[in-house]
Amino acid sequence: MELWDALITRLVTLDERVWEGKASGPAVSSWLDNFSGRTGATADLERLHALYILSQFMYFGSQEIRVLLRALYRELFLLPLAQRVRAETSDTAEFCKRMEEERSATRFLGVGNPSESGVHLLYYFRQENGLSKGAFLDSAQIYDLTDVGGQRKRVPRHPQVKRYVFLDDICGSGETAIRYSNNLLPELLAEQPEVEVWYFALFATSDGLRRVVNGTVFGTCCGAVYELDETYKWTGLKSRYLSALPDGLHRSLLTALPLTYGSMLIPGHPLGYQESELLLGFSHNTPDNTLPIIWFEQEHGTSTTWYPIFKRYPKV
Amino acid sequence: MATDEILFQAGPGKRSIPDDYSCDVFISAFNLSERVGKTFGKINAARKFWLIHNEYGFSDSELPTNTSLLRSTELAEADFMIDALEQIESDLTPGVRLCIDMTGFMRPHLMFLMHLLRTRQIGTFDFIYTEPSQYTRKAETVFSSDVVEVRQVNGYEGTHSVDMSADVLVVGAGYDHDLIGHVIANKSSARLLQLLSLPSLSADMYQESLTRLHRVADAPVKVPDEQLAYASASDPFVTYIVLVESLQKIASRSRQISNLYLSPLATKPQAVGFALYYLKHLVGKPASIIFPYATRYSKETSKGVGRTWLYELSLG
Amino acid sequence: MRSVTTDLHRNNPFDLTKASDYSDEQVKEYWVDVGDAQKSLVTFIKPTSLVPMFLLGGKGSGKTHLMRYCSSAVQELRHSNLRTAIAQEKYLGVYSIADGLNVHRFSGKGQTDETWQSIFAYSFELWLAANLLSSLRPALADDELKSAAWSEALIKHVLQFFHVKPETLPRNFDELIEYLSTLRTAVDVAVNNSAITRQLTGITVLFNPGDLVFGIPSVLTQLCAAFQKTVFVYLIDEVENFTEQQQRFLNTLVRYRKGNVTLRIGARLYGVKTEATLGSGEPIKRDAEYERLVLDARLREEASQYETLAARLVLRRLQAAHAGTNISEQSLPEAFAELSTENFHQKIALDIVSSRDATGVERPHLARFRDAAAGLIADKSIVEALVETLRLPEHPLLEKVNLLAFYKRISRGVDVLALARTIEQDAAALLKSGAAAAPDYYDLYSHFSSDLLAQLYRDYGRKPVYAGFKTLVRLSQGVPRNLLSLLKHIHRRSSFGGEAPFVRGKISVEAQVHGIYDATEWFWEDAQPDEHGSLVRNAVEQFATLARSIRYSDSPSECDLCCFLINPETLENMSAQALKMAENWSFLLRVKGNSGAKNDDRVLTKYQINPMLAARWGISESRRGAIELKKEVADLLLSGADPAGAQQAITARTETMYLPRLLEANLVARTNPGQASLFDGN
């Protein structure tokens, strides 16, 4: 009882302060009703464990996302740039001038289809950082098609651009970055080898970032505001969620619960896509790297009834 | 102030400590955590010194033996630092390449040191800071300190105005909601600007810190947006920039601030950021840095050794 | 976009809980008073009386709000302008917060206490004087401010107090304020720099202490006919941060008060560290030289006044948030669901026990009784008969009363079965014909019902319930901030639960219980202004543990226990300190009226554990029973020096209230062999 109360108390605070009212009492109750004893434990015990899982959920609301977009720009891009420029000059006016030049020669792009979250965040990114429309490009605008010796060839459309910065909301496996690296960028770099290409994400798993560094043209020119290492994998050996558990919770049930019900929801990926097993959500969506028990809903394809607590809008 | 000017003012910025780093004089505050001890050993310096804070309550047998110790029996931070550093007065001359590991320092002493160095014409020096490798889930300890008094930090006392109708208190909120509560209670007539640590050092810490902040009686939930600010807590330069921007915003949206109080209660780098802002903009003004002083502190905080950052300060 | 609960719940009308956050407009807007001018809270502070007053109160007692309400800024808002306000209200409130002076810096840095004393006094007086002039400025007429003759006269008279005149004389009112400010800044700069310079050069005290504070109002009265009848009131808030030495200066100002000037000094309950004055140190005398008002204690005494105030406070907040617009003072309590006490709490009690009853498990209190009795009475059929007789399935609470009656009346030589039957009959009579039919039994019920109900909740793994507006008023104990905090937390829980508090339907009991528990946590953790944290919390924890151990025992010696009688004079230093600090923090409330002990003429002081904390241990929030603590026990509980000893003391005090010792102590015959067959001599 006491643990239950303590967990609810935590949820009341989280719901009020961070979760934007998306997980109030009635919603939580409905979600908990999903758990009916399938793992073999009693429904009550399952619900206690589910409540614990929910209490560990990390949600970044619209305000927080905006702050992270500002941090991405400032800490991953602007400050390192300022550092390089400052090393070249100790005069304020000169510094400001050079900074302006560097910024003018930089373009920001979103990854993915325009209707996907990576791209829509660009809008907030622009707003939060006071950037002009001209600082942004669509991937299609990187190249021009020209005729070179009877052959159609892609050439850089803006040769004066020195730096292309790709922005993503979450880098799970690094797939997206790899795709861009292989399909979009080779000609650019062939034509203009001195151009810098960067890939930044708000959130990235360590695995994902590693693949970006080792397997793409971005190399070490990548980063994330938040890097989620293996301790963020729910059932991982080093899972930060499963250490130092309060009395009354069983580690085995905590791992069995999302697995059992997840298998029912998405048989191929019971713990979320790309093996990330995350407990992460944003105001604009819940990524599919998160445990399906959190976000799965009937519309996603199967006929299973499930009440989600942090809904996901599918990428169909 | 325009963004680039602020950027320039902020200083060279943070970076990873290079492998070939060296300095003339190195000072570190002794405690039992691995990250303080390891760094002391690894750093390349002509002369190295341990500063011994009385608040840690070390017995003589716990202290390191084969290094010079800087000690004093004085109580207040100014008296203590001046006395303790007297031994190496000849080393602290303008032009010296000085490096200070802030990791184990008490925040008031750290800030006072910056002020002291400046008065001794040592306007350029390096700070280093080592993060722990993992922030273990802090158990819900309710009272981490017995706060004796809230007062101005030596060297950061302003000349305050009798008119207190538009006072502002900026609190850099950390995990310790008890400290936050004391400071807010002490300046109860001031309007509160909550500076939250986002991005946090680890993804789950932000929500965690909010659940704690929520326990502070007088930190309201719904505040006008100029009363909330965000900065990552591991970078004094970002902290500096955010302070400039936030205070500009408050001044532009409401009346001229009558008295300004700052209180950095999160990390040491945050405290350095606050001190930097004060030294560059608030000297001689009705502004002070205040702090909740306790008599004792734990000798060892978090576990492991994470990244080490180098901050090149220039107090110009 | 997924639909989110309406914005109604996002806005908690009780979010802001402290007066200092309010603008002057809000101080006026949120002001809530009781009754008419005669009973107004402002009369507590008596602004036109020349007798200085210390206004003491815990955090959130309304002290600051009251003082600010009397400040010139808010006076001005009550009338068309300040001059009119002064004319009608006959005083000028010069409000200042002592902490703005940042007094901690007047220490150390290589200087003597003596030096600091005079610098502090100088700086403080310059500060008060500047405040006075700024507060008054809006009341001056143009022809005074702009008149060269008037300004010259003003400057001339004020500068008379200065030993040394400035090179450039201020020419008018504003420049005078500026001049005082410059003097104070010079002091500040020298003081701040002394941390490094270790010197305090360049500060000359330019006037005698008290000359500005009392002299300037006198000058103003001479120059302006409008202020002839005005009382100048320095409202100095939060002096608890002053050191003892610094407070002596304040006390000296109180002693040497003169002319049309007076002081209202606000502090925490034990924030006043001394009554001594500077120089000879003769303390100022209460009632002769100053008055003392403890605001929350006063409000607690005027219970109905506070109740009205409480209701109005809530309504004012709701209005300001545009919520609950169809609620009135009278209908406010109906917004809160309450437990039905009808028919001896039958419904609630059955609610609690029914699900476990359905599984066939015996009720815990009966099971315990059965076990204990079986251990002492060899004949099982007697035990069975006892249980059967005392059982009352339809009225679980009365069932517990039955057991309690048994425990209280059992003694050696009594025929246990006969006793049980009498009790059974009493219960039946009560149910059939009411209290008059079984007065003693009813008495027992009415005394212990709340404790027994709490026990029932506990036994069934639930939290004891606190609910209803009247309960909230009682919990807040005369402190508006506490009431607001309770409501804030209740509102949160209610909104989270999908309810629409004050808008639609009643606030559920569940939301209230959770909210109250939240508020209790908040109160317990609320930052207090000194370093006695562990001492105070430990002491209160011990008292509460004792109270709880008694409440949840099988036969409590007192009902609704949350009060203790102690003689503070006999305590050891550490314990006396803990007690005093606990009172300062309002964790313990001193209950007015010294109580004689039960058995002799000693005069004891009664302390109640603040009801705001009651929920933390599930103890009672009503002040009924009290137990006396002798010196040894009180010392153990308060000082924290011997935790094991304290634990033992509690056990020793309570062990005969618990089964099986409860029965053993009363049932086991030592000398009567005739009864031996009933016992197996365990």
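A residue is called buried here when its relative accessible area is under 20%, exposed when over 50%, and partly exposed in between (1.4 Å probe, protein chains only). At 4% relative accessibility, V67(A) therefore counts as buried. The structure is a predicted model, in which local features need pLDDT of at least 70 and side-chain atom pairs count only at pLDDT 80 or more, while totals for chains, interfaces and linings use all residues. Residues are numbered from 1 along each chain as its sequence is written, chains are lettered from A and ligands numbered from 1 in the order in which they are written, and side-chain values use heavy atoms, with hydrogens and water left out.

V67(A) lies in helix α4 of chain A, residues 62–88; helices (H or I, at least four residues) and strands (E, at least two) are DSSP runs, numbered from the N terminus. Apart from neighbours within four places in sequence, V67(A) is in contact with L198(B) and Y230(B), contact meaning heavy atoms within 4.5 Å. Chain A as a whole has 11 helices and eight strands, and its C-alpha trace spans about 70 × 50 × 30 Å along the principal axes. Of the 316 residues in chain A, 57% are buried. Among contacts in chain A with a separation of 6 or more, 64% are between residues 24 or more positions apart.

The interface of chain B and chain A was examined next. The size of an interface is often given as the accessible area lost when the parts come together. Buried area is defined as the accessible area (1.4 Å probe) that two parts lose on being put together, summed over both. For chain B and chain A the value is about 3400 Å², with 56% of it on carbon and sulfur atoms. Chain B contributes 35 residues to the contact and chain A contributes 39 residues. Four salt bridges are counted between the two chains, a salt bridge being a side-chain nitrogen of Lys or Arg within 4 Å of a carboxyl oxygen of Asp or Glu. E245(B) forms a salt bridge with R74(A), with 3.3 Å between the closest N and O atoms.

On the side of chain B that touches chain A, at least two residues each come from α1 (3–10), β1 (14–16), α6 (205–213) and α7 (236–253) of chain B. The most, six residues, is given by α6(B). By class, this side of chain B has 16 nonpolar, 10 polar and nine charged residues, where Ala, Val, Leu, Ile, Met, Phe, Trp, Tyr, Cys and Pro count as nonpolar, Asp, Glu, Lys and Arg as charged, and the others, Gly among them, as polar. Nine of the nine residues of α6(B) are buried, so this helix is largely enclosed by the rest of the structure. The buried residues of α6(B) include M205(B), Y206(B) and L213(B).

Chain B is divided into domain 1 (3–135 + 303–314) and domain 2 (138–297), the bounds coming from an automatic or database domain assignment. The centres of the two domains, taken over C-alpha atoms, are 23 Å apart. Their contact takes 33 residues from domain 1 and 36 residues from domain 2. About 3100 Å² is buried between these domains, 68% of it from carbon and sulfur atoms. I6(B), R107(B) and M111(B) lose the most area on the domain 1 side, together 24% of what that side buries. One salt bridge is found across the domain interface, and 14 residue pairs are in polar contact (both at pLDDT 80 or more). On the domain 1 side that touches domain 2, the largest share, eight residues, comes from α4(B). The residues of that side divide into 19 nonpolar, seven polar and seven charged.

In chain C, D237(C) is found in strand β3, residues 231–237. D237(C) counts as buried because its relative accessibility is 0%. Its side chain makes polar contacts with the side chains of K63(C), at 3.3 Å, and Y95(C), at 3.1 Å.

Methods
Polar contact = N/O pair within 3.5 Å; in protein donor to acceptor, adjacent residues only side chain to side chain.
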